[in-house]
Amino acid sequence: FMASHLILGGGGFVARHVATLLAMRGESVRLAARSKTPVIGQMLTQGMNAVFVDLCDADWSALLDGVD
């Protein structure tokens, strides 16, 4: 069973390290961030995916779709 995770603030210091560790374990990782930064761009090359959204206006049903 491979879990699917949503990481809020995906480009932040703590979030990027947690996301990287989860991806290294083979977990599915979706990053939520305001914009694509070089850090997020690098993380996308590691098999993660990203959603660029203002969390105040987010469609939470869509954002959480498929997340365990």
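The structure holds one salt bridge, a term used here for a side-chain nitrogen of Lys or Arg within 4 Å of a carboxyl oxygen of Asp or Glu. The two partners are Glu27 and Arg25, whose closest N and O atoms are 3.3 Å apart. Side chains of opposite charge can pair when their charged atoms come close. Glu27 is buried, with a relative accessible area of 16%, whereas Arg25 is exposed at 63%. Buried here means under 20% relative accessible area, exposed means over 50%, and partly exposed lies in between (1.4 Å probe, protein chains only).

The model is a predicted one, in which local features need pLDDT of at least 70 and side-chain atom pairs count only at pLDDT 80 or more, while totals for chains, interfaces and linings use all residues. Residues are numbered from 1 along each chain as its sequence is written, and side-chain values use heavy atoms, with hydrogens and water left out.

Helices (H or I, at least four residues) and strands (E, at least two) are DSSP runs, numbered from the N terminus. Strand E1, residues 4–8, pairs with strand E2 in the parallel sense over five bridges; two strands count as paired if DSSP finds at least two bridges between them. Within this pairing, Leu6 stands opposite Arg30 in E2. Between E1 and E2 the chain passes through helix H1, making a right-handed β-α-β crossover. Right-handed means that, with the strands pointing away from the viewer, the path from the first strand over the helix to the second runs clockwise.

E2 also pairs with strand E3 (residues 49–52), again in the parallel sense, over four bridges. Here Arg30 stands opposite Asn49 in E3.

In soluble globular proteins, nonpolar side chains tend to be buried together.

Arg16 belongs to helix H1, residues 13–24, and is partly exposed, with a relative accessible area of 26%. Leaving aside neighbours within four places in sequence, Arg16 is in contact with Gly10, Gly11, Val39 and Met43. Arg16 and Met43 are 27 residues apart in sequence, yet their C-alpha atoms are 7.9 Å apart in space. Val39, in helix H2, is partly exposed at 25% relative accessible area. The C-alpha atoms of Val39 and Arg16 are 8.2 Å apart, with 23 residues separating the pair in sequence. Beyond residues up to four places away in sequence, Val39 touches Gly11 and Arg16.

At 19% relative accessibility, Val53 counts as buried. Outside the four places on either side in sequence, Val53 is in contact with Ala33, Arg34, Ala58 and Leu63. Val53 and Gly12 are 41 residues apart in sequence and 15 Å apart in space, C-alpha to C-alpha.

Finally, Ser4 lies in strand E1 and is buried, with a relative accessible area of 11%. The side chain of Ser4 reaches the backbone oxygen of Gly66 at 3.1 Å. Not counting residues up to four places away in sequence, Ser4 touches Ser28, Gly66, Val67 and Asp68.

How values were computed
Contact means heavy atoms within 4.5 Å. A polar contact is a pair of N or O atoms within 3.5 Å; within protein, one must be able to donate a hydrogen and the other to accept it, and residues adjacent in sequence count only if both atoms are side-chain atoms.
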